[in-house]
Amino acid sequence: MHTDIPELVCPAGTPAALRAAVEAGADVVYLGFRDATNARNFPGLNFDEAEFRRGVDFAHTHGCKVYVAINTFPPAGRPGPWHEALDRAADGGADAVILADVGLLDYAAAHHPNLRRHLSVQASASNAAAIRFFQDAFGIARVVLPRVLTLAEIAALNRQVTVETEIFAFGGLCVMAEGRCALSSYATGQSPNTNGVCSPASHVRYERRDGNLISRLGDFTIDKVADGLPAGYPTLCKGRFGAGGCSGHLFEEPTSLDALGMLPKLIETGASALKIEGRQRGRAYVARVVATYRQTLDALAKGEMPILDDTLDALTEGQRKTTGAYMKSWQ
Amino acid sequence: MRGALTLGPLLFNWPAPERRDFYFRIADEAPVDAVCLGEVVCGKRTPFFAADLPAIAERLRRAGKQVVWSTMVLVVGGRDEESVRAVRAAANGLTNGQRGDLVEANDFGAIALLAGMPHAVGPFVNVYNEGTLHHLATGGAQRVALPFELPAESIRALAAGAGAVELEVQVFGRTPLAISARCYHARAHGRGKNTCDFVCDVDPDGLAVETLDGRPFLAINGTQTLSHAIGCLVHEIPALKRMGIGRFRLSPQRIDMVAVSRIFRTVLDGRIEGAEAALQLAELAPFAPFANGFFHGREGAAWVNAKT
């Protein structure tokens with residue numbers, strides 16, 4: 001029987017999604033402010049100060065914590081918005097901030113020593129020495145592990161480090177080491193690391209030609225499908241390209257991480273928290289995913305072996321799912 | 001300011017004899033001040049050439065070049081971590097001795113292991129702002145190669161506050177854009193990383209990636225993805241020097257890198273203009289166009305005509 005059930009950390013891209021996640025059983029919601037200080041800086045998402053304070057009130061009233069992602073990298077000479085975001089998170093009652101930049105971690109440790117600091121996946125701390133660097137220098141209490149690690153590697157890390165670890169259980173899957181990818185910058189000039197956007201809609205164009213729908217990011221064709229067939233969003237690393245005389249999904253299929261079927265194995269790694277990706281998703285999606293994971297974790301907590309079926313298949317990208325890097329065969 | 005040249009680590013999987021001959025010629029003929037050695041992309045490649053490294057390093061030192069030991073970009077699990085520890089252990093002897101070698105850390109694990117001893121920080125570490133730079137300097141960083149996507153505005157601000165830390169900017173070579181646990185070279189050949197059979201060794205400048213309409217876009221190098229275009233800041237060297245950048249990196253491609261380094265040396269010495277140098281470089285590197293978009297705050301693939 002499992003007694004240590006990890007914390008369930010759930011996305012809140014909007015106040016409506018925050019309420020949905022809290023009501024569906026999230027232990028924690030995480031959110032960002034409405035600017036480039038977080039890695040989901042998309043139109044129509046995120047929180048202004050008033051919404052943030054109301055969200056914290058609502059979550060805390062229901063026994064749910066709030067983490068604030070300030071996980072982009074402040075450009076040289078312009079740290080202001082990032083420092084203000086930290087101050088706002090601290091003043092507004094955030095339970096933790098999720099940071100990636102060394103300079104910002106330094107600022108947070110000096111100016112808000114009592115505000116709990118988590119290391120964002122964007123910091124790409126993929127080994128014990130790197131994690132200890134951030135622990136020793138900035139007192140991080142938790143690290144969100146990069147999505148490049150296998151379950152065996154995660155378990156090994158958990159035996160080597162003393163900070164809590166948080167791992168992804170569901171949602172969009174970066175196939176590159178996070179925080180170290182400039183593919184989208186190369187095509188659009190908008191940097192995931194400093195602008196908080198990957199494959200931004202502002203640079204997406206669809207064009208019909210010769211019976212095909214062509215999707216472009218910047219000047220580059222990311223995919224092409226015959227008219228009438230479903231066309232996915234042109235996220236660069238999920239596109240189709242040619243190499244060595246073949247063409248296809250060179251980097252990754254349009255697919256989502258879904259580790260529901262291996263939850264007991266995720267728990268066995270010793271991770272302290274499971275994260276659901278998807279701050280860009282609507283409240284119905286969030287409610288369904290969070291509720292499913294909540295029920296499954298509660299069943300495991302009681303020593304039951306829930307039927308880990310395909311209940312979330314309809315919600316995965318392109319209706320396809322993967323266990324991603326968790327299995328070594330993915331590499 | 002004279003401006004120093006660093007030859008960055010060889011990113012691609014060249015056969016060991018070719019690699020050794022390349023570095024011997026660099027040692028003997030290239031006007032570069034420092035040369036980075038070591039595998040940074042895939043630890044599986046190292047055993048093929050590791051035995052040649054001591055001789056290569058010694059030849060470089062004898063030619064008056066500083067040897068810089070670069071660590072892996074993505075360090076995961078035992079084998080990678082051992083490689084970083086080995087570099088550190090070796091560095092302890094080398095850098096504390098009279099030889100003047102330096103270790104260049106490409107992730108925060110390596111930075112942690114090098115804390116308190118003089119070291120360099122490579123371009124794969126996210127140094128976007130003054131706060132990060134100051135923290136690294138406190139830990140012993142003497143030289144920091146800046147991330148590839150930084151615009152001029154950031155480079156200027158960082159240089160203005162760099163203090164005693166020497167900043168370096170890559171000015172030639174395909175631009176590294178991403179690193180993964182997955183090997184795309186193996187995947188393109190229908191294999192996995194564990195059964196890759198080292199298929200990356202057939203593409204000495206990377207495997208060309210085209211869009212579905214046939215436009216060159218990227219280059220695959222095992223677990224690394226680079227730009228198709230060759231990043232080239234030869235026009236921008238005077239501007240970089242004015243900002244206070246004192247060191248310039250050339251990333252090896254399988255072209256005449258001795259000639260490339262000579263061209264950059266003459267530009268740094270003010271003996272030819274960027275435009276003339278760019279023409280000469282284009283003749284040496286015909287396999288891809290040049291790009292300088294990141295520097296100009298544009299998409300990295302862009303080429304912005306230089307202002308004089």
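Chain A comprises domain 1 (7-173 + 255-330) and domain 2 (192-248), with bounds that come from an automatic or database domain assignment. The model is predicted: local features require pLDDT of at least 70 and side-chain atom pairs count only at pLDDT 80 or more, whereas totals for chains, interfaces and linings use all residues. Residues are numbered from 1 along each chain as its sequence is written, while chains are lettered from A and ligands numbered from 1 in the order in which they are written.

The centres of domain 1 and domain 2 of chain A, taken over C-alpha atoms, lie 28 Å apart. Between these domains, 10 residues of domain 1 of chain A are in contact with seven residues of domain 2 of chain A; two residues are in contact if their C-beta atoms, placed from the backbone, lie within 7 Å. The side of domain 1 of chain A that touches domain 2 of chain A consists of five nonpolar, four polar and one charged residue. In this classification Ala, Val, Leu, Ile, Met, Phe, Trp, Tyr, Cys and Pro count as nonpolar, Asp, Glu, Lys and Arg as charged, and the others, Gly among them, as polar.

Between the chains, 57 residues of chain A are in contact with 53 residues of chain B. Helices (H or I, at least four residues) and strands (E, at least two) are DSSP runs, numbered from the N terminus. The side of chain A that touches chain B has 32 nonpolar, 18 polar and seven charged residues. Strand pairing also links the chains: β11(A) and strand β8 (residues 207-210) of chain B pair in the antiparallel sense over two bridges, where pairing requires that DSSP finds at least two bridges between the strands. Ala243(A) has Val209(B) as its bridge partner in β8(B).

Ser199(A), with phi of about 45°, is placed in the loop between α8 and β8 (204-209) of chain A. Ser199(A) is buried, because 22 other C-beta atoms lie within 10 Å; the term buried applies at 20 or more such atoms within 10 Å, exposed at 12 or fewer, and partly exposed in between, with C-beta atoms placed from the backbone. Asp210(A), with phi of about 55°, is found in the loop between β8 and β9 (212-217) of chain A. Asp210(A) has 8 C-beta neighbours inside 10 Å and therefore counts as exposed.

Chain B has 11 helices and 12 strands, and its C-alpha trace spans about 50 × 50 × 40 Å along its principal axes. Of the 308 residues of chain B, 56% count as buried. Among contacts in chain B between residues at least 6 apart in sequence, 66% join residues at least 24 apart.

Within chain B, strand β4 (residues 102-105) is covered on both faces: Leu102(B) and Glu104(B) on one side, and Val103(B) and Ala105(B) on the other, are all buried. Strand β3 (residues 66-70) of chain B runs parallel to β4(B) and is joined to it by three bridges, with Ser70(B) opposite Glu104(B). β4(B) also pairs in the parallel sense with strand β5 (residues 119-121) of chain B over two bridges, and here Glu104(B) stands opposite Ala120(B).
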